[in-house]
Amino acid sequence: ADPAVDAAAPAFSGPAANGETISLDQFKGQTVILEWTNDGCPFVKKHYAAPPSNMQTLQKNAAADDIVWISVISSAKGEQGYA
């Protein structure tokens with residue numbers, strides 16, 4: 001089924017980069033951006049590595065607006081995303 005626009009995201013939890021488990025429940029009532037990133041993706045590389053650092057600028061602007069930005073790293077084990 002197609003995702004519903006403006007509907008709540010399904011509940012999930014997973015390990016954060018620091019080893020702690022985070023869940024979407026923690027951010028109830030807040031705006032959350034879920035970004036999937038992969039170190040091998042040419043689009044990820046383009047938007048993180050090339051000036052003017054598109055993704056980093058978006059992340060800083062989101063943080064300034066109290067928006068939670070969660071990067072879901074789907075890279076191979078041992079590899080990191082660009083977040």
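**Questions on a predicted model**

Trainee: Is Gly19 buried or exposed in this predicted model?
Mentor: Gly19 sits in the loop between strand S1 (13-15) and S2. The cut-off for exposed is over 50% relative accessible area. Gly19 has 57% relative accessibility, so Gly19 counts as exposed.

Trainee: Is Ser23 buried or exposed?
Mentor: Ser23 belongs to strand S2 (residues 21-23). Buried means under 20% relative accessible area. Ser23 has 18%, so Ser23 is buried.

Trainee: Which residues does Ser23 touch, not counting residues up to four places away in sequence?
Mentor: Contact here means heavy atoms within 4.5 Å. With residues up to four places away in sequence left out, the partners of Ser23 are Phe12 and Ser13.

Trainee: What pattern does the chain follow along the sequence?
Mentor: The chain has two helices and four strands. Read along the sequence, their pattern is β-β-β-α-α-β.

Trainee: Where do the buried residues of helix H2 fall, seen down its axis?
Mentor: Helix H2 (residues 54-64) has the buried residues Met55, Gln59 and Ala62. Seen down the axis of H2, these fall within an arc of 65°, so they line one face of the helix. In general, an α-helix has 3.6 residues a turn, so residues three or four places apart point the same way. For H2, the answer is one face, within an arc of 65°.

Trainee: Which elements do the buried residues of H2 pack against?
Mentor: Those residues are Met55, Gln59 and Ala62. They pack against strand S3 (32-37), helix H1 (42-49) and strand S4 (68-73).

Trainee: Which exposed residues does the face of H2 turned away from its buried side carry?
Mentor: Exposed requires over 50% relative accessible area. On the face of H2 turned away from its buried side, the exposed residues are Lys60 and Ala64.

Trainee: How far apart are the centres of the positive and negative side chains?
Mentor: The chain has 5 positive and 9 negative side chains. The centres of the two sets are separated by 8 Å.

Technical notes. Residues numbered from 1 in each chain as written. Predicted model: local features only at pLDDT ≥ 70, side-chain atom pairs only at ≥ 80, totals over all residues. Heavy atoms only, no water. Buried < 20%, exposed > 50% of the residue type's maximum accessible area, 1.4 Å probe, protein only. Arc of directions from axis to C-beta. Lys, Arg positive; Asp, Glu negative; His and termini not counted. Charge placed at Lys NZ, Arg CZ, Asp CG, Glu CD.
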